[in-house]
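Please keep the sequence and the 3D view at hand while reading.

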Amino acid sequence: MKTLVILAHPNIEVSRVNQRWKEELLLHSSDIKIHEIYEAYPDWNIDVSREQKLLEAYDHIVLQFPLYWYSYPPLLKKWFDDVFTYGWAYGSSGNKLHGKKLSLAISIGDKKENYSPEGSVSFTVDEVIAPFKASINHVGAIALPYFAVFGASFQATDEEINQSAQDYIRSIFKVQNEMGEPTA
């Protein structure tokens, strides 16, 4: 199985980082499938069965999104609520995500130094994404380290964003190689 990227950006056309990451992902479409939930569900009526089947088909799943108020965009939250159902994702018979590798690819508007106990945010990124880790653990999946770019709102240069796109792809291929998957 290759990698599935669940891309959750409500306005990708104006995004510097997520748009650039998407462009880079598209160059590797034989190894990486992109599923844009804001494009697939503009009415927010999520086809739960379709989403569950899609998740079942991949062993490595990346959730790509901009950090919104120290959390995820609202449609991604709804997607979690709707798709990760009792009896499918968790519960006595809910094991469809057991053993799958899940990771986050996050664009963060603020500077990296602000994500520390001494910074203006007062929390690390690991602390901010604790609900994701808890959800991943709850469904029996394996939480991989997150991938992030900081300064996405204003500070990151085009060169830094381009480099982050290359680093992002390398992080995906690293997981595929560890899983024994041939990559391009």
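## Terms and overall fold

The model discussed here is a predicted one.

On that basis the chain holds 7 helices and 6 strands, and these elements follow one another from the N terminus in the order β-α-β-α-α-β-α-β-α-α-β-β-α. Along the principal axes, the C-alpha atoms fill a box of roughly 45 × 35 × 35 Å. The radius of gyration of the chain is 16 Å, which agrees with the value near 16 Å that a compact globule of 184 residues would have.

## The largest pocket

Sorted by class, the lining of the largest pocket consists of 10 nonpolar, 7 polar and 2 charged residues.

## The second largest pocket

In the second largest pocket there is about 230 Å³ of space. This pocket is lined by 15 residues, and S103, L144, P145, S171 and V175 are the ones that lie nearest its centre.

Two or more residues of this lining come from each of β3 (60–66), β4 and α7 (158–178), and α7 gives the most, with 6 residues. In the lining of the second largest pocket, 10 residues are nonpolar, 3 are polar and 2 are charged.

## Packing of α3 against α4

Two packed helices are described by the angle between their axes and by the distance between those axes. For helix α3 (residues 48–56) and helix α4 (residues 74–83), the angle is about 90 degrees and the axes are 10 Å apart. Angles of 65 to 115 degrees count as roughly perpendicular, and α3 and α4 are therefore roughly perpendicular to each other.

On the α3 side the contact is formed by V48, E51, Q52 and L55, which meet W79, D82 and V83 of α4. The residues of this contact divide into 4 nonpolar, 1 polar and 2 charged.

Definitions and conventions. Residues are numbered from 1 along each chain as its sequence is written. This is a predicted model: local features need pLDDT of at least 70, side-chain atom pairs count only at pLDDT 80 or more; totals for chains, interfaces and linings use all residues. Side-chain values use heavy atoms; hydrogens and water are left out. Axes are lines fitted to C-alpha atoms, for helices over the stretch in contact, and angles run from 0 to 180 degrees between N-to-C directions. Helices (H or I, at least four residues) and strands (E, at least two) are DSSP runs, numbered from the N terminus. Angles under 35 degrees count as roughly parallel, over 145 as roughly antiparallel, 65 to 115 as roughly perpendicular and the rest as oblique. Contact means heavy atoms within 4.5 Å. Ala, Val, Leu, Ile, Met, Phe, Trp, Tyr, Cys and Pro count as nonpolar, Asp, Glu, Lys and Arg as charged, and the others, Gly among them, as polar. On a 1 Å grid over the protein atoms alone, a cavity is a set of points where a 1.4 Å probe fits but cannot get out, and a pocket is an open set with protein on both sides within 12 Å along at least five of seven lines; lining residues have an atom within 4 Å of a point. Grid points are joined across faces, edges and corners, and a volume is the space filled by probe spheres set on the points. The radius of gyration is taken over C-alpha atoms; the globule rule is 2.2 Å times the number of residues to the power 0.38.
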